[in-house]
Amino acid sequence: LAFVIEIDELVAEVLLPRELKATVENVQPIASGKSCKIGGCHMPDMIRLLFMLGLVIFACVHWLVPFHGNVHAAAMALCAGNKGFSQTGGTMDHSTVILLESQPFISTCSE
């Protein structure tokens, strides 16, 4: 078990040059300031978390929910068997999705 735990030190002892080993031995820890805690929570981390959650919620509401309507309209047209269409709308200016026929409708097949 000791071999497994100390394998990185053994490899470093063999592979690293003497100057680098000396530098690693002389490295001192960096002093950091006192962290701001309320209860057990670090406030800078909580602010970052709330900011990221706000960005994710904003992206979902602003971009994904309107885009879902476009995808749903296209899926409904495809499920109905209509493959010759394009769509317009579904934007902030024109929220209604309009399906446009790109091929003329043929009711019977002529031979």
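Q: Is Asp45 to be counted as buried, partly exposed or exposed, given its relative accessibility?
A: Relative accessibility is read against cut-offs: under 20% is buried and over 50% is exposed. In this predicted model, Asp45 has 40% relative accessibility and therefore counts as partly exposed.

Q: With which residue does Asp45 form a salt bridge?
A: The partner of Asp45 is Arg48, and the closest N and O atoms of the two are 2.7 Å apart. Arg48 is exposed, its relative accessible area being 51%.

Q: Why are Asp45 and Arg48 separated by about one helical turn?
A: Both belong to helix α4 (residues 43–79), and they are separated by about one helical turn because they lie three residues apart in that helix.

Q: How many salt bridges does the structure hold?
A: The structure holds two. One of them joins Lys21 and Glu13, with 3.7 Å between the closest N and O atoms. Lys21 is partly exposed at 23% relative accessibility, while Glu13 is exposed at 52%.

Q: How is a pair of aromatic rings described?
A: Two values are used: the distance of the centres and the angle of the planes. The whole structure contains one aromatic pair. Its rings belong to Phe58 and Trp63, with centres 5.6 Å apart and planes at 75 degrees, so the pair is edge-to-face. Phe58 is partly exposed, at 44% relative accessible area, and Trp63 is exposed, at 53%.

Q: In what order do the elements of the protein run?
A: The protein has four helices and four strands, and from the N terminus their order is α-α-α-β-β-α-β-β.

Q: What percentage of the residues in the protein is buried?
A: Of the 111 residues, 6% are buried.

Note on methods
Residues are numbered from 1 along each chain as its sequence is written. This is a predicted model: local features need pLDDT of at least 70, side-chain atom pairs count only at pLDDT 80 or more; totals for chains, interfaces and linings use all residues. Side-chain values use heavy atoms; hydrogens and water are left out. Helices (H or I, at least four residues) and strands (E, at least two) are DSSP runs, numbered from the N terminus. Buried means under 20% relative accessible area, exposed over 50%, partly exposed in between (1.4 Å probe, protein chains only). Rings of Phe, Tyr and Trp (its six-membered ring) pair if their centres lie within 6.5 Å; planes under 30 degrees apart count as stacked, over 60 as edge-to-face and the rest as tilted. A salt bridge is a side-chain nitrogen of Lys or Arg within 4 Å of a carboxyl oxygen of Asp or Glu.
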